[in-house]
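Here are my notes on the model, point by point. Please read them with the structure open.

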Amino acid sequence: MWPQNTAFSPLLPTLQLAWDSTSLGLLKECPRKYELAIVRGWRNKGAAIDLDFGIFLHSARERYYHARAGGAGHDEAQRKGLDWLLTATWNAELSRPWQGDQYKNRFTLARTYVWYCEQWGARPDPLEQVILANGRPAVEVSFRFELPYGPETGELFSLCGHLDRLVRFNSGLWVSDLKSTKHTLDASYFQQFSPDNQMSLYSLAGQVVCGERTSGIIIDAAQVAVGFSRFARGLVQRTEAQLEEWLRGLEVLLRQAEQYARANFWPQNDKACFRCQFRPICGKTPHVREQWLKADYERRTWDPLQVRGDI
């Protein structure tokens, strides 16, 4: 049995119809890794620290920008986000805070959020917040749009996900994306996003949400270390030709995904095994892999259709 997931076809349960950057990226990296992580919902025990840290940080920042858009000053908005963060990271049942690890834990999370607000909110920010037609700031905007093709079941594929923030900069529309990392924020850090699957999808999604061409992505990066949090901002641009090329490759990829789903066989890309969380599983003979998965991994459903940004 596979975990229930609204992003998958009810007619062909192993075929994903609604694709986000995470599931697309895993499929591009290795079909077997995608099958284990997304189709079957396995993950390494304790592997959620980076994901949890990012979700907490994004959610606190969302509350900060909602408060600012509602007329609150910097200090008041910052406190609202921090109050939520400290409450969300406290486990009442165990009477202890969210643990994390030596780099990403409750203290470094709160520090990174507060210092981020000081970096980009306490002084005039050249990024102007986009306000949606409903009067709400475009922060943690969930999107979904259908593609003009689909599998033989008669359904349609779609792209979905969540945009951190939509802003205007130099008279252009940009997607502002928040990243946290342990790595140094030098030129090579920002170069990794060109090309990049997630950034191409977000550039395209920004156009769909606002009905106008996006100039690209503005990366707000936070380097999180034991003793400090450091910030830098970089621009990632996409031309129309680049987006068209990405979309063409996407159709080929999704056609392949349908073939894998129908065969119920997801081939292993054994050139992508370095540091893969599933390498210990794929290195074993097929008939014992399930036993090792149940012993060393846990189940969770990655459903990209879950809406965010409703606070």
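**Notes on the model**

1. Cys 160 is buried at 1% relative accessibility, where buried means under 20% relative accessible area, exposed over 50% and partly exposed in between (1.4 Å probe, protein chains only). The structure holds 0 disulfides, a disulfide being a pair of cysteine sulfur atoms within 2.5 Å. For Cys 160, the nearest cysteine sulfur belongs to Cys 210 and is 18 Å away. Cys 117 also counts as buried, at 1% relative accessibility.

2. Some ground rules. This is a predicted model, in which local features need pLDDT of at least 70 and side-chain atom pairs count only at pLDDT 80 or more, while totals for chains, interfaces and linings use all residues. Residues are numbered from 1 along each chain as its sequence is written, and side-chain values use heavy atoms, with hydrogens and water left out.

3. Which residues have the most contacts inside the largest nonpolar core? They are Trp 19, Tyr 34 and Leu 159, in a core of 59 residues. A nonpolar core here is a set of buried Ala, Val, Leu, Ile, Met, Phe, Trp, Tyr and Cys residues joined through side-chain atoms within 4.5 Å. Helix H8 (residues 240–263) gives the most to this core, with 7 residues. Helices (H or I, at least four residues) and strands (E, at least two) are DSSP runs, numbered from the N terminus. Another core lies apart from it, with 22 residues, including Ala 60, Leu 85, Val 139 and Leu 178.

4. Look at Trp 19 in detail. Contact means heavy atoms within 4.5 Å. Beyond its neighbours within four places in sequence, Trp 19 is in contact with Leu 24, Leu 27, Tyr 34, Phe 157, Ser 158, Leu 159, Cys 160, Leu 254 and Ala 257. Trp 19 also forms one aromatic cluster with Tyr 34, Tyr 260 and Trp 266.

5. Aromatic pairs number 14 in the structure. Rings of Phe, Tyr and Trp (its six-membered ring) pair if their centres lie within 6.5 Å; planes under 30 degrees apart count as stacked, over 60 as edge-to-face and the rest as tilted. Phe 53 and Trp 98 have ring centres 6.4 Å apart and planes at 45°, so this pair is tilted. Phe 53 sits in helix H3 and Trp 98 in the loop between strand S4 (96–97) and H5, so the pair ties together parts that are 45 residues apart in sequence. Phe 53 is buried at 0% relative accessible area, and Trp 98 is buried at 16%.

6. Trp 98 has a further partner in Phe 56. Their ring centres are 5.5 Å apart and the planes are at 70°, so the pair is edge-to-face. This pair links distant parts of the chain, with Phe 56 in helix H3 and Trp 98 in the loop between S4 and H5, 42 residues apart. Phe 56 and Trp 98 are both buried.

7. Helix H5 (residues 106–120) passes a length check. At 1.5 Å a residue, its 15 residues should span 21 Å, and its end C-alpha atoms are 21 Å apart, which agrees. The expected span is 1.5 Å times one less than the number of residues. Buried residues in H5 include Thr 108, Arg 111, Tyr 113, Cys 117 and Trp 120. The buried residues of H5 pack against helix H3 (49–69), helix H4 (74–88), S8, strand S9 (214–224) and strand S10 (229–237).

8. What caps the N-terminal end of H5? Asn 105 does, with a side-chain oxygen 3.1 Å from the backbone nitrogen of Phe 107.

9. Is Lys 179 buried or exposed? Lys 179 is buried, with a relative accessible area of 17%. Lys 179 lies in strand S8 (residues 172–181). Its side chain makes a polar contact with the side chain of Gln 198, at 2.4 Å. A polar contact is a pair of N or O atoms within 3.5 Å; within protein, one must be able to donate a hydrogen and the other to accept it, and residues adjacent in sequence count only if both atoms are side-chain atoms.

10. Backbone items to inspect. A cis peptide bond joins Ser 194 and Pro 195, with omega about 0°. Pro 195 is in the loop between helix H6 (187–191) and helix H7 (197–210). Asn 264, not a glycine, has a positive phi of about 50°. Asn 264 is partly exposed at 43% relative accessible area. Arg 275 also has a positive phi, near 65°, and is exposed at 74%. Arg 275 lies in the loop between H8 and H9.
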